[in-house]
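User: I would like to go through the labels on this model one by one. Please set each value against its cut-off.

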Amino acid sequence: MSGKRPNKLLTAEEKEEKRKLKKKLKTHRKIKKLETRIRHAISRKDPEYEEKTRQELNALLKDTTVQEIENHVGDCAIGIGTGDGNANANGKIDDNDVCDGLSGITNSLSSNSDAKNIILDISKKLFILFSETDDDTKMNTDTKSDLGNVKTKHNGTGTSTSAGTNAKDDIDCSKEHQTKCAVKLLRNMTKGKIDRSMFENKAALIGYTRQKFFERAMLLNSSMEKLQQPIPINVRNTEQSEGDPNSMSSGGVDFGTKQMEIKERMCDKIQSGQIYKACSIGCGPGNDALGLLAFLYNLKDQNKSTCTAAMQSSHSESPSPNKAVALDEIILMDWTIEQWNSAILKPLSHVLNESELKSHSEITMNPYFCDVTKAFNDEENKAAREAIDAASCDIYLTSYLLSETNGKWESFFGGLIDSAKTESIFYFADPTPWQLHRLIELFSSHLDFLWLDSSMYELSMQGLNGRLGPAVLAAIKR
């Protein structure tokens, strides 16, 4: 599979097509922004601002050509027709169609999934532990965690510590101070300019968790839920989608036979109860682990739904009920695992094992040191590698790591993918698709890929370096 072609190699027609796609994405972003404002206004019970924002959205849709909003599927599920007389002679949307599209917003915006409530409850309980903590000693006393010792090349099986924590953290535990420290840490992470000492500031880790924990746990959960959801009725089942996932050559909204097969394979593995071992790479505060636990927990109550039925398949077999889904082990891997373990992961383990997510046994979370900028077979990654090999993981989770390591991850993930068993599932999330396009280019001979972000059903948008929200890519090993 060839990589994305640089602009200088594109023809004039291809450049024009790319320009149109970018304009379409920009319009979608404006629509999504207004949708989000409406959702927030509803949650705040602010009808005045809600009505004002609806009018803005109405005006935007009326002033937008059909091609620019064609088959837009946002959080609000606004259905704007693209044919059958819905557009006037100038290609604009008629007033009646706008009103019809807006009429169903309230119900879709007001609904909250069970998973969201679970994640929110766990997050709140974790934050309460933070607010009750006056110093490191109290943090370790209040949390009754059995989370295992951190295994690294450097200290064997030594207990993780928060060595190097600034004394100021014991004095100033205010939320404002934590936020200030977190902003500084996030700025350096975004630039890929980090060193281990930055993570020895406990206030920064707690502030980071307050800002990112819930959001990224929900991102994983909502992305995985797309595997269970029926394909929208306005999506064409076309053989055009058999091509390069990075292609920008075809327009419209497509979901071809190849994508359906990949989606079904992932669904079958998940719904048949075959997710026993999970590995979170660059785990940070454990948000991906929580997102996966909440997602799998909800599957236990979906006894009548199967992927085949959800995808409107023509298969004649009777649907079989989902098996109870429970993780036996979650392997947590990070370059600064000792710091995360002491400040966040131990309290998280305590909260999880006192929650409804706990099944017949303890939720086992085992932390390991890992450096993705070094080869998978590097000596420093030995403990993590041995843990992965022993566990024979079923799913691997990676969020906001590839872009932060500036492309230095290629050797590590090459070795990891080689060692993974057949039908292993991979989840990747990044702020933009930049590094995910590179991932497809490198490993398309080993993995089958499926976009789970805003471009999922729009083949023509998948080659762009932009999305409505984060870029999310799933894969399953052949």
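Predicted model: local features only at pLDDT ≥ 70, side-chain atom pairs only at ≥ 80, totals over all residues.

User: How many helices and strands does the chain have?

Analyst: The chain has 17 helices and seven strands. Helices (H or I, at least four residues) and strands (E, at least two) are DSSP runs, numbered from the N terminus.

User: What is the strand order in the sheet?

Analyst: The seven strands form an open sheet with the order 3-2-1-4-5-7-6 and mixed pairing. The twist averages 20 degrees from one strand to the next.

User: Why is one side of strand 3 and of strand 6 left without a neighbour in the sheet?

Analyst: Strand 3 (365–369) and strand 6 (447–451) stand at the edges, and each has a single partner strand, so one side of each is left without a neighbour in the sheet.

User: What makes strand 6 and strand 7 a pair?

Analyst: Two strands pair if DSSP finds at least two bridges between them. Strand 6 and strand 7 (residues 471–477) have five bridges, in the antiparallel sense. W451 stands opposite L473 in strand 7.

User: Which strands does helix 17 lie across?

Analyst: Helix 17 (residues 434–443) lies across strand 5 (425–430), strand 6 and strand 7. Helix 17 runs at about 155 degrees to strand 6. Axes are lines fitted to C-alpha atoms, for helices over the stretch in contact (heavy atoms within 4.5 Å). Angles run from 0 to 180 degrees between N-to-C directions.

User: Why is the pair of F376 and F412 called edge-to-face?

Analyst: Rings of Phe, Tyr and Trp (its six-membered ring) pair if their centres lie within 6.5 Å; planes under 30 degrees apart count as stacked, over 60 as edge-to-face and the rest as tilted. The ring centres of F376 and F412 are 5.4 Å apart and the planes stand at 75 degrees, so the pair is edge-to-face. F376 lies in the loop between strand 3 and helix 15, and F412 in helix 16 (residues 410–419), so the pair ties together parts that are 36 residues apart in sequence.

User: What are the values for W409 and F413?

Analyst: W409 and F413 are 6.0 Å apart, centre to centre, with 80 degrees between the planes. That pair is edge-to-face too. Ring pairs link F376, Y396, W409, F412, F413, F426 and F428 into a cluster.

User: How do you know that R216 sits over the ring of Y400?

Analyst: A charge sits over a ring if NZ of Lys or CZ of Arg is within 6 Å of the ring centre and within 35 degrees of the ring normal. The charged end of R216 is 3.7 Å from the centre of the Y400 ring. R467 lies over the face of W451, at 4.4 Å from the ring centre.

User: Is R54 buried or exposed?

Analyst: Buried means under 20% relative accessible area, exposed over 50%, partly exposed in between (1.4 Å probe, protein chains only). R54 has 13%, so R54 is buried. R54 lies in helix 2 (residues 47–62).

User: And is K193 buried or exposed?

Analyst: K193 has a relative accessible area of 57%, so K193 is exposed. K193 is found in the loop between helix 9 (175–191) and helix 10 (202–225). The C-alpha atoms of K193 and T405 are separated by 8.8 Å, although the two are 212 residues apart along the chain.

How values were computed. Residues numbered from 1 in each chain as written. Heavy atoms only, no water.
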